[in-house]
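Hi everyone, thanks for coming. I'd like to take a few minutes to walk you through a structure, so let's get it up on the screen.

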Amino acid sequence: MNININETEMLLSLAEEMASYGYKYAAFPCEVITDPDTIEFFMNSWDAMEHCYAMTTDRDYFRSMTIDSLKNDLNIVMQSGIDLYSTEKLDLTEFVRLEREKKELFENNLNTNIMNENNLKYLKDQLKYTGFGETFDTELKENMLKGDKDFKIMHTGIINNGVPNRDTVTVELNFKKSDQTDMYFFNSYHVNLQKEENKPGLQQTFYINNDAASITLKEAYNLMEGRSVNKDLKTKEGESYNSWLKFDFKQTDNSGNFKINHYHQNYGYDLEASLEKHSIKELSTPQYKEDLVNSLKKGNLQSVTFVVSGVESKMFVEANPQFKTLNVYDGNLQRINHRESKDEKKSEGEKTSEKQSDKKQSETTEENSETPSANRPKKRKQQSNSV
């Protein structure tokens, strides 16, 4: 249908009026301008098709359409922003097709932008809760806008864990686009731990679990330091369980990653019970105790205050689930065999009393040991009388 643009509003009013009278179809010539004088309205499709058949010649071709479709198409022209006072001709069918494609493209782009924004937020949250903070927000967005199939982000930093060492950690974060959608996923990160210059570093790839707790960067560092980390995990069947994790540096898989030993919840390691065996000041305050337990579960080497015979000293502790105990280090990070426990502790008074008791017992033993020699003279005297 070809129309004059400046007659759009008039044709729409006519179609609405005829529809109010019960007409459902409109018939019009295809090759000439359709105006109120050349368009006809019918109650049913059969009458409309018969009219088109009767009016069609070698030069003119007629067709019909529902009034509802005609009203929709005319409304699209009215809302398109086109100059409705223009005297130019308009191919209504083609114009409406292009407007619908434009709208569909806009909606698709809008949906894509919304999806990309949601995808970006999801990845930012993943990085944040995996221990990388908000450092890579800009770099992450720039890489996503490129639309590549996959990309990497590099990061180098120093971790000292609160103790006097400066280990260099280089991390390669790996992202990949889905084969089915335009969404990106944070799949893994590769860590290189350099403890000494000019020497090979330890390397390990940590995979991101979307349905379970992933290993954070700090936990990864602690594992590579040889400590144990406690995590809530899931089996392949989706069942949750708790386990301590520890690297076996003597064994690697086909990818070169160290084997991870698991000490499950049924293994029998009780961290709090191990702590209670030691005279740690922080255990007397519930909040400090909770913070200490949580820190050790993350695999940290935690500073604590030991109280021995009333004397406070700074030491470090770490969980040792493999041997169901606690490793203790002095202020210089030297491993010590600390036997002081709440069951073994004694006050200075108790120790003094114990020493006095030991001394008295020793004197009693000495007196008893002298008794036989004191009786010997009697025995000799008795022997002399018998003679």
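Let's begin with Phe-206. Leaving out residues up to four places away in sequence, Phe-206 touches Ser-188, Tyr-189, Val-191, Ile-215, Ala-220, Leu-223, Met-224 and Phe-247. Do keep in mind that this is a predicted model.

Phe-206 is among the residues with the most contacts inside the largest nonpolar core, which has 33 residues. Others on that list include Phe-132, Leu-140 and Tyr-189. Which elements give two or more residues to this core? They are helices H4 (92-132), H5 (137-146) and H6 (217-224), together with strands E6 (150-159), E7 (167-177), E8 (184-194), E10 (229-234) and E11 (240-252). Apart from this core lies another, of 21 residues, with Ile-3, Leu-74, Leu-90 and Val-96 among them.

Next, the sheet. E10, E11 and E12 form, in that order, an open sheet of 3 strands with antiparallel pairing. E10 and E12 (258-264) are the edge strands, each pairing on one side only. On average, neighbouring strands here are turned by 50° against each other, ignoring direction. Between E11 and E12 there are 7 bridges, and Asp-248 stands opposite Lys-259 in E12. Helix H6 lies across E10 and E11, at about 45° to E11.

One last stop: Gly-147, in the loop between H5 and E6. Is Gly-147 buried or partly exposed? Its relative accessible area is 33%, so Gly-147 counts as partly exposed. Beyond its neighbours within four places in sequence, Gly-147 is in contact with Lys-177 and Tyr-184. Tyr-184 is 37 residues away along the chain, yet the two C-alpha atoms are separated by 9.4 Å.

Thanks, everyone!

Technical notes: Residues numbered from 1 in each chain as written. Predicted model: local features only at pLDDT ≥ 70, side-chain atom pairs only at ≥ 80, totals over all residues. Heavy atoms only, no water. Core = buried A, V, L, I, M, F, W, Y, C linked by side-chain atoms within 4.5 Å. Buried < 20%, exposed > 50% of the residue type's maximum accessible area, 1.4 Å probe, protein only. Helix = DSSP H or I, 4+ residues; strand = E, 2+ residues; numbered from the N terminus. Contact = heavy atoms within 4.5 Å. Pairing = 2+ DSSP bridges. Axes fitted to C-alpha atoms, helices over the stretch in contact; angles between N-to-C directions.
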